[in-house]
Amino acid sequence: MKEYADLKEEQRRTMETPVMHANFILRVMYLGVDIIFGRKPSLPKFKVIEILARYPYWAWEIGSYAAVTRAYQALSAPPEEQMKTAIRHIDMGRDMQDNEQWHLMLIQDIMDQEGIRPDWVRGVFLPTCMATGYFFITRIMYRLNPASSFAMNARFESHAEHEYMKLVAAHPEWEDRSVESWIFEHYPKQPTMADLFRRIGLDERDHMEDSLEEYERLTGKKLI
Ligand SMILES: [Fe+2]
Ligand SMILES: [Fe+2]
């Protein structure tokens, strides 16, 4: 996790930076989330975003694991470069999916503390349908064209970073509210609820930057 000295300054930087363009799949997904939860940022909406956010990382980890297995089924050792890439993707996938998991658990814990409970259709059924679709899309995409998976993830994370900073801006009362959670055994505690969500938004920025870096490493070109 990168260190940021001034979270408010970083929020300002996010708001001054344009969000990356979404591809067709992401636009359909955002539309689905907006239809289910409305356009305004809300914790149930972010819970779904966090559920979805873990799937590409899972795909990188599991997909590379499968690639290592296939490669070592041959009689001689596979090319070193190919294995270094697989190891890098496994490491990235593990780190980032754990980070998203803390986000998901924190949001659910805060929703429970605040008594926020969406109905079964919006809270369970529709998110499960979306997650099932995204599961297959991310697995297939990584298997067929890993670079496209990193590109889509960078776009997704750019959107998430901006949405979190908008959420904080929409809740000025969070600037004075402290937050307690058992998840702080795993995730750095912040002085206020506003700073907690700024910090989560910056994690999404880090995920975007790491995904962009990997896209460039794989393709030799910048993503536009
Ligand atoms: Fe997240
Ligand atoms: Fe993320």
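Setting aside neighbours within four places in sequence, Tyr134 is in contact with Leu26, Met29, Leu52, Tyr55, Pro56, Met152 and Phe156, contact here being heavy atoms within 4.5 Å. This is a predicted model, so local features need pLDDT of at least 70 and side-chain atom pairs count only at pLDDT 80 or more, while totals for chains, interfaces and linings use all residues. Residues are numbered from 1 along each chain as its sequence is written, chains are lettered from A and ligands numbered from 1 in the order written, and side-chain values use heavy atoms, with hydrogens and water left out.

Tyr134 also turns up in the largest nonpolar core, which has 39 residues; Tyr134, Leu43, Leu52, Phe156, Leu196 and Phe197 have the most contacts inside it. A nonpolar core is a set of buried Ala, Val, Leu, Ile, Met, Phe, Trp, Tyr and Cys residues joined through side-chain atoms within 4.5 Å. Buried means under 20% relative accessible area, exposed over 50%, and partly exposed in between, with a 1.4 Å probe and protein chains only. At least two residues of this core come from each of helix 2 (24-37), helix 3 (43-71), helix 4, helix 5 (120-144), helix 6 (146-169) and helix 7. Helices are DSSP runs (H or I, at least four residues), numbered from the N terminus.

On to the metal site. Donors are N, O and S atoms within 2.8 Å of the metal (3.2 Å for Na, K and Ca), and sites may look incomplete because water is not among the atoms. The iron ion (ligand 2) sits 3.8 Å from the iron ion (ligand 1), and Glu100 coordinates both. Glu100 belongs to helix 4 (residues 80-114) and Glu204 to helix 7 (residues 193-219), so the pair ties together parts 104 residues apart in sequence. Both Glu100 and Glu204 are buried.

As for helix 4 itself, its 35 residues reach 51 Å from first C-alpha to last, close to the 51 Å expected at 1.5 Å a residue; the expected span is 1.5 Å times one less than the number of residues. Just after helix 4, Gly115 takes a positive phi of about 70 degrees.

Aromatic rings come next. Rings of Phe, Tyr and Trp (its six-membered ring) pair if their centres lie within 6.5 Å, with planes under 30 degrees apart counted as stacked, over 60 as edge-to-face and the rest as tilted. That rule gives 11 aromatic pairs. Trp60 and Phe150 have ring centres 4.0 Å apart and planes at 25 degrees, so the pair is stacked. With Trp60 in helix 3 and Phe150 in helix 6, the pair ties together parts that are 90 residues apart in sequence. Both Trp60 and Phe150 are buried. Phe135 and Phe136, on the other hand, pair edge-to-face, at 5.0 Å centre to centre and 85 degrees between the planes. Phe135 counts as partly exposed at 26% relative accessibility, and Phe136 counts as partly exposed at 48%. Phe46, Tyr164, Trp174 and Phe197 form one aromatic cluster.
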